[in-house]
Amino acid sequence: MFGAFVVSLITAMLSLRNVTVTRLLPMHGIAGEQLVPRYRIHNRSKLGIFNLVVSEESTESEVKLNMLPTGWILFLGPNQALMAEAPCWPSERGKLSFNSLIISCSFPFGILKKVAFFEQEDEIIVYPHIYRLNRRVVGTLSRVNPEGSNNIERSGGTEEFFGLREYHTGDSIRLINWKQTARTGDMVVKEMTQPSPPQTMVQLDLSDLQINACKSENPDISEEQLTKLKEEAISLAASIICDAYMHGYKIGFACSGINAPTYQLHHSRPHRTNILEALASLDLHDTTSPDDTSSQTEATVLVTLTNTSPKLYQASNKLALSVQTLSQYITDAPVEDVLLDTTEEVIGGVA
Amino acid sequence: MRVRSVYRKLVFAMVMIGVCAFCIAEQSPSLLLIIAIIGGLSWWVTEGPHGKPLPRPIIVAASAVVMMWLLFDIFIFRTHTLVAMGHFTIWLQLLLLYSPKTNREYAQLMILSILQMIGASTISITMTYGIMLAIYCVITLFTILVFHLKLTSDRLYQSRKDAAVDADKVLRPIGVTSIGMGKHLRRTTLLSGTVCASIAVFVFMGIPRSPESNSLNRFASFSNKVQAGFSDTINLNRKAPQSSSNTPVINLSVEKNGKNIGSSDLAWLIRGAVLDRYNIRSRQWVRGNYVRNFDQSFDLESNQITLAKLKQNTDAYTATITYRGTAPPQLFTMPNIFQINSKAIDRVAFNPIDQQMRMLNGDDEVMQYSFKWTDSQTKRVGFEYEKQVKEIREVIDWDNRPNLPNNTSMSNWYARTWHIAPREVYLLAQSIIKEKGLKRHRNALSSSDDLAIAKAIKQYLQTNYQYSLQGPSGEDAESRVDPILRFLFNDKKGHCELFASGYAALCRSLGLQTRVITGYRAGEYNDLGGYYVIRTSDAHAWNEIKINNTWVTIDSTPPAQLAQQHAVSTGIIGSLQELYEYFDYVWLRSVVTFDLKSQRNLLSSIRELFNSGDDGSKPGLFYRIWRQFLNTLTFFNWNYIVIGLCVIVIIGVLIVFFFLHEIQTRRKAAQLHLSSLPRSQQRSLAKQLAFFITLQQLLTKHGHSRKSWQSPMQFANQLTAQNPQRYQSVKKLTQIFYDIRYGNRPLDESRKSIVDSELENLQHTLTS
């Protein structure tokens, strides 16, 4: 025992010297999904280190973690660097802040533990929880598209017949309308319509009207339950946006009742990311005045808190989804990795 | 590295070595076989291709059975508690090997195994167990280290499972490792083991067992299967104490005038008990009360006692006896002993009549003593007892003497009478000596033919009687006929005790003083260690007969059959056994018997090495060397001393230069990323590619450092693309670097000249 203590003492004195740690965070996390911060540990000493544990000392943010990210390296050789993965599961959306790191080593016998601290502040956005929507929801989205057609009535595409025109140099031979050419004697080519993606404008309705309607539907509802409903509504909106983006829709977002920027219809990944970040950063306490109409847009999809609202919107041929019937829209299947680009990483937190 | 898989293998090895070591310590091969089979099967059952642990209810039920077995072992079979607990832990460990195992079960297994080894350490002193213990310690150390890694992994896994939304999807943490983990783990284990072992050795040397501890007897008390063979009485109703066991009990080395005279051709009879009285009823040879009265105790001052003075021109023999088991109170000696030395014995009892010596006071672990004796039988010289011993002979309690013929000294009748069928035995003895033309009257105290008579009877027994180890049957034990008479007149075969008894009966019937001796016959000589190995099967009985006032040793057992009985195995197996026993003996002397006295001796011997001899004692070795060195210095001329010092300094400088050069070469090799190559190749390439380091340093100095992801050629191309004329030399030098490093080209004169000129050009270009 005494020998083991001496060995532990010597090891504790010699280990974790000239070791540096760098935290590598992904671009974002998703509430309820695994978030994998990585730690690059560089051992510049001449001694190898066994059983190296790296973890966060604490996180100071509104996002709750069930456990602090903890990574493990079995052996780190001298003058070598390794990457330790430390999965964690954020339970809420918002900004997740990291302050300081701890690396520890209790090898060989676990009698003594050497600990080293590293100050390194980082931040990451945790998106709202993304549901995997039922396929019918996406189908419904396309049907309620007010534009009605998937094609723009404009030449230059390859979709459907638009008209005829005279041949210009460079036109494809395949587009020559031989029948008309024979008839007229001049070269005539067909013009085709351009494809036009469907578009979805999602409006998240968290206005007082909705809240009051919700309270009138369920008088016993507590503030906690109401907040949970709001969070579910945010998640549902985020899910619709992700799903619509994946299906090639132009997406836009507006929120009523809470201060949030309005995003016009557009189809790009940065645009989708901006919307998701806006949803992640929504402050439920930062409400707007009832007279504020800046967020009122021509939304095609409305996310509401009550069951009564959909009826109101049926007449206007809009799709209204209520969180009260959330289970109808989602499936049990997990969110696939391809849904969101989780593989991107950036050193030092949010890009 | 698959920590869990490695750990499972290690813990299995640890447990199996532990249980096997216990069986070896207990000297139970049958248990070893059973446990090896059951334990080996457990791996196949639990870890095999379709392996599955047994359900817990079965394990719990079996544990209850094992608990019952423990009670049986202690209370019914009367096994020693420590041994029974050892059996209990063995079965518990085997059950745990079959059971589903979490970290709790693994920890239980390890603790049980370690406890069992501690228990086994108290019941065995053999070297085999020592080796097993050393192996066990190494495996255990490795297991503990890997267990620590596994615990961290499991703890992390469990916390992740608790935190995850869907615990089933959480994967076990993968042990991320750098290259060479196995090597580092082995090195760490070796280093940890060395430190722990060094501390253990230091503690062992510095704080040895106290002399009061009774460890050796304690060890021996567990090994009840080992029969000593020797007995201080002879019971003729019983089978002879000829053990089939080959366990060594004593090592004996014999010197004459300081020279080891042991050889495999020479056998010695070492006396243990001297028996002069035969009890007709119990049919036992015992030591008579008459002779017991003359026991006198002596203190061993300065670890020795001299009992007698040697006469001039008398050769002295010295024997050293080392016990390898429990020491009986009788001290094994030779006839005509006159001195005994021992550090462990404080007080002895010696009897000048039968020359039997016993230990009265001393360590229970009398492991070693030596004594001196003289072979007065052949030299016709001898010794004279010291005054103190003489006084004993004069103080005879004549008032309590038995009823003996008048005017006869009792000492003359000592070991002379025979009362069982005296006439028949006398007639037989007379017939034996009559054949040789000898005769003797039974009442005569001595005659000139006594030696011839003794030899004639010995020859008769050896010729007409057969040696047999077959003991008396139950009917024989209850027979009214005395075993000695049955041996002499009916069976005419028997073991050494019957031969000795029969010989004593025949000689005593003729009026010759004869006594029976029990002890050992030492005939197996270990050439490697220079000592005789005495085993339990070497226990023997013989006679001493008094002729011309001198006790002569006579062994009437047929020598050929006796030699066959004590035959030593030869060939490779015999040599290996000899080698093993030698190491075992060394182990016993240096490790097992290391006590406070040994420690003091060790320290004093170290001190003696540096002793200056001021107190009149002999100067120590190191002190003498130092004096000799000083004398040498004064003897030589100062010029020579200065030259010598210069030579030493030059040699020192050369050594320092060599080491510096080596360090520099290694540094260069590291800079050139040659560390993975063999050492000789590293040296060669580091020497040839030194120019490339110069090139890199030159470029770095001017703000062009190569990125870690760039190959040398990419870097050269990059520079050349920037300014072809300015960095043309870089490309050429890099090409030469490639030729030497990867193309196996030498740095010959032409390349060397190119390198020198290009480096010069580059330096000139960069500075301009």
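Author: Let's start with burial: 33% of the 768 residues of chain B count as buried. Keep in mind as you look around that this is a predicted model. Chain B contains 27 helices and 24 strands. If you take the contacts in chain B between residues at least 6 apart in sequence, 73% of them join residues at least 24 apart.

How far can you trust the picture? Chain B has a mean pLDDT of 82, with 88% of its residues at 70 or more. Where pLDDT is low, the predicted coordinates should not be read in detail. For the model as a whole, the scores are ipTM 0.75 and pTM 0.62.

Now turn to the place where the chains meet. Chain B brings 29 residues to the contact, and chain A brings 29 residues too. On the chain B side, α6 (127-163), β1 (176-177) and α7 (181-206) each supply at least two residues. The most comes from α6(B), which gives 10 residues. Sorted by class, the residues on the side of chain B that touches chain A are 17 nonpolar, 11 polar and 1 charged.

Strands take part here as well. Strand β5 of chain A, residues 70-76, runs parallel to β1(B), and 2 bridges join them. To find the spot on your screen, look for Phe75(A), which stands opposite Thr177(B) in β1(B).

Finally, let's visit a pair of helices within chain B. Helix α22 (residues 638-671) and helix α23 (residues 679-688) of chain B have axes that come within 9 Å and cross at roughly 80°. Which residues make the meeting? From α22(B) there are Thr665(B), Lys668(B) and Ala669(B), and they meet Gln682(B), Arg683(B) and Ala686(B) in α23(B).

Notes. Residues are numbered from 1 along each chain as its sequence is written. Chains are lettered from A and ligands numbered from 1 in the order in which they are written. This is a predicted model: local features need pLDDT of at least 70, side-chain atom pairs count only at pLDDT 80 or more; totals for chains, interfaces and linings use all residues. pLDDT is the predictor's confidence in each residue, from 0 to 100. Two residues are in contact if their C-beta atoms, placed from the backbone, lie within 7 Å. Helices (H or I, at least four residues) and strands (E, at least two) are DSSP runs, numbered from the N terminus. Ala, Val, Leu, Ile, Met, Phe, Trp, Tyr, Cys and Pro count as nonpolar, Asp, Glu, Lys and Arg as charged, and the others, Gly among them, as polar. Two strands pair if DSSP finds at least two bridges between them. A residue is buried if 20 or more other C-beta atoms lie within 10 Å of its own, exposed if 12 or fewer, and partly exposed in between; C-beta atoms are placed from the backbone. Axes are lines fitted to C-alpha atoms, for helices over the stretch in contact, and angles run from 0 to 180 degrees between N-to-C directions.
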